[in-house]
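Biologist: I'm new to this one, so let's go through it slowly. Can we put it up and talk about a couple of places?

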Amino acid sequence: MGTSFLDTCHFRRTAAVGLTAALIGILPTSVLASEPRLTTPKMDPRLNQLQMIGTHNSYHLEPPAAVGKLLELVYPAGKTELSYQHRPLPEQLERLGMRQIELDVFADPDGGLYAWPLGARLQGLTRAEFDPQSVMARPGFKIFHVQDVDYRSTVFTLKQALRAVDVWSRAHPGHVPIMVLLELKDGQIPGLTKPRAFDRSMLELLEREILEVLPRNRLLTPDDVRDGGATLRMAVHQRGWPRMSQVSGRILLALDNGGSMRDRYLQFHPGLKQGLLFASVHASHEAAAWMKVNDPVGDFERIQSLVRQGFLVRTRADAGTHPARKRDTSRREKAFASGAQYISTDYPEPDARLSDYRVRFQPSVVARANPVSGSRLPAGERERLRPRVPAPRR
């Protein structure tokens, strides 16, 4: 399948428009042409000069009613906080223009650990009904939110998820880089299945499994950004993030964890050298390049400062379904204005049961000039979706 105007990175130039922008200080809109190239350095923005939207827990399906009642007994807020769900990953990329996804990853090297969750049994499902193709019985990393209770997912395994992204990406080779956040989960919950720990051997297995689907030349890795520099932080400050002409069509992996899990990964890859994933660390750390800062209201000035320093930031436009229930757009607008390059939401389209709340730029715009770091881009460059309207989500 050839490249369409859906996802391209050749910014169509108009001299008169660019001159007008320079004179009156605005960013005129422009539509991307179909050629996936950037014509000149002037029209070739760096990755950190753009802003994109993605989804939180991108695989998530709402728990069934029977399991929801059980959740209420142990976690009263669960009924509202977990009542969201997403389209399959290819639809998010194609129809909704999402350029960041988030996957919760559980290790299952022997297979079968999560093959018949407690919730599925309470739902009245047999093992075969829950997993007709026995995918969960086979070895490999699995994708869901919470073992046994919030187990429903549009995609069962990490390989399936990465393959779906890769297939879509190869069909649209001019797209802006897609960020895939991986949250590695091994926390124990009394009474529920005990997860396998993410020790060094499991981290090694994780990277091998990633590379079985995504070879290194498909990825944008910390070493690519470092490009021979002493540290990742110095590379970002001194040279900056790569330009779109260098990274169009690539996939960027980032570790969603902080704390001990992040520290384990940094011990595995000191300074993130030879690592596949970026990690969220303090701005003074040698591996600093990307940060997860989830609160665009309380941390608004911090996010803007990080963006001005050249870092990539991911923040959240909403959490816990509350903005959609209250039709409150204040956090969303702060996220936009913060300059965070990747803005995550549970509502790339409205949930008709709640309100018309959604997170998007202008209709059909996928990527736009960053309001903080991209203010000097000549023509408000943006990537556009096909002009079609997806069916409402239930």
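**A serine and a helix**

Modeller: Start with Ser-153: a polar atom of its side chain lies 3.4 Å from the backbone oxygen of Ile-143. Keep in mind that this is a predicted model, where local features need pLDDT of at least 70, side-chain atom pairs count only at pLDDT 80 or more, and totals for chains, interfaces and linings use all residues. Residues are numbered from 1 along each chain as its sequence is written, and side-chain values use heavy atoms, with hydrogens and water left out.

Biologist: What makes the pair of Ser-153 and Ile-143 a polar contact?

Modeller: A polar contact is a pair of N or O atoms within 3.5 Å; within protein, one must be able to donate a hydrogen and the other to accept it, and residues adjacent in sequence count only if both atoms are side-chain atoms. At 3.4 Å, the pair qualifies. The side chain of Ser-153 also has a polar atom 2.6 Å from the backbone oxygen of Val-155.

Biologist: Why is Ser-153 called buried?

Modeller: Buried means under 20% relative accessible area, exposed over 50%, partly exposed in between (1.4 Å probe, protein chains only). Ser-153 has 11%, so it is buried.

Biologist: And how do you know that the buried residues of H13 are on the same side?

Modeller: In H13 (residues 300-308), the buried ones are Phe-300, Ile-303, Gln-304, Leu-306 and Val-307. They cover an arc of only 160° around the axis, so they sit on the same side of H13. That arc is taken from the directions from the helix axis to the C-beta atoms. Glu-301 and Arg-308, on the other side, are exposed. Helices here are DSSP runs (H or I, at least four residues), numbered from the N terminus.

Methods
Helix = DSSP H or I, 4+ residues; strand = E, 2+ residues; numbered from the N terminus.
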